[in-house]
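Keep the picture open as you read.

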Amino acid sequence: MHDMKAAGGADSGNATILTYHDGSSRHVVVTEIETPFPEGRLIVSRTDPAGFITHCNPAFVEMSGYRLDEIIGQPHCLLRHPDMPAAAFKELWQTVGGGKKWHGYVKNLRKDGGYYWVYATVVPNVRDGRVVGYTSVRRKPSRTRIEEAAALYRTLV
Amino acid sequence: MPWQFTVSPDFPPDQLPGWYVFNTWLQRTLGEPVHLETYLDFPTQRAAIAADQIDLIYANPYDAAMLVRDKGFTGVARPDGKSDEVVIAVAANNPATRVEDLRPGLRVASTQDPDINMMGMILLEPADLSDANVVHQPCVSGYALVARDLAKGVADVGFILADAYDRFSAPLRASLKVLARSQIHDVRHVFLVSPRLAERRETLLNAMLALSNDAIGRDILNGLHIPAWEAVEQEDMEFMIDLIDTLAEA
């Protein structure tokens, strides 16, 4: 998984260049349009040890706005929203890298520039004592928790 | 000493004859005696598993991790296209129209079914509800009793296996209002064998897959409300266990 940070403005409808910490970058348009998390669904994905997506379920495809073939093989930071602080992901990778479960509230970026909030849990997939990837499940968070997380992240970005 | 076969205690009572018929089929397939032991509850069944008294099991997905990781069981097959999903229901006259309308302190009616209870609590999270601020009523022995408790006002919200809800009578369904229904798809019961029967896995799997190919086999499957069996590979089991891990004790 590559970390990234916003190099441009992240205002509503603004074109923004997202730069990954490996030096690569991409242009995105960030809007203030929120897509509500569908009732009863779980968004499920798996990555390889480097964070590249190997599997995702239909809810992942629907919420991300991408086609399945645009998702598989991409780094999970495809969904990273510029409002998310790098510190949150650093903690995630430190936690799962240590073989433990991580959970937290995440604002994800859609292909169309909109966003959706999730409560995410990530576990390392251990086979014969070796981490062969990670499974992530995202579920619907409460509005209270979203507002708390958004306030916290504004202080960290 | 016959092989010991058991079924997750969450099966509906009307399937009991079907499991006895399946047990007879297992005996014929293995060419050896098989005893079907049914347990009234999950703790009793888990105690039997812990004591290595079980050789074949149709298991609740929540127990699969323990069976595979602690007891060395191997997945054989699972119902094709049939997953465990939960319905969050309230009484029909409850003013709530969505999960977010529910408030702390509500009384939850449920069975002992561990995966349904886990998924049910997950679906209450958007209302900021958790074990810390709801009251769990004593578990009841079937989903119809969950519905009864809602209708009688003994509980405010109930967790019901979607499959069971869909088979409720029309009047029983009319006494309820569904606030949410999970669409998780990946949480499924599974048929497993103990290490003592691991070398018979392929024989069993091929015979189970073939059941849907003829009328007699389909009758056996109908008795279990299973359309057909689907093979389960080790990685399928590991994936479901990882999934349960991510959902449990978040």
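Chain B and chain A bury about 2,000 Å² between them, with 51% of that on carbon and sulfur atoms; buried area is the accessible area (1.4 Å probe) that two parts lose on being put together, summed over both. On the chain B side, Asp128(B), Phe239(B) and Thr246(B) lose the most area to chain A, together 25% of what that side buries. This is a predicted model, where local features need pLDDT of at least 70 and side-chain atom pairs count only at pLDDT 80 or more, while totals for chains, interfaces and linings use all residues. Residues are numbered from 1 along each chain as its sequence is written, chains are lettered from A and ligands numbered from 1 in the order written, and side-chain values use heavy atoms, leaving out hydrogens and water.

Here's the tally for the two chains.

| Item | Value |
|---|---|
| Contact residues, chain B (heavy atoms within 4.5 Å) | 24 residues |
| Contact residues, chain A | 24 residues |
| Salt bridges (Lys or Arg side-chain nitrogen within 4 Å of an Asp or Glu carboxyl oxygen) | 7 salt bridges |

In one salt bridge, the side chains of Glu235(B) and Arg127(A) meet at 3.0 Å, N to O.

Now for the helix. In α5 of chain B (residues 143-151), Tyr143(B), Val146(B), Ala147(B), Asp149(B) and Leu150(B) are buried, meaning under 20% relative accessible area with a 1.4 Å probe, protein chains only. Seen down the axis of α5(B), these residues fall within an arc of 160 degrees, so they line one face of the helix; the arc is taken over directions from the helix axis to the C-beta atoms. Helices here are DSSP runs (H or I, at least four residues), numbered from the N terminus. Just after α5(B), Gly153(B) has a positive phi of about 80 degrees.

Conventions. Buried < 20%, exposed > 50% of the residue type's maximum accessible area, 1.4 Å probe, protein only. Helix = DSSP H or I, 4+ residues; strand = E, 2+ residues; numbered from the N terminus.
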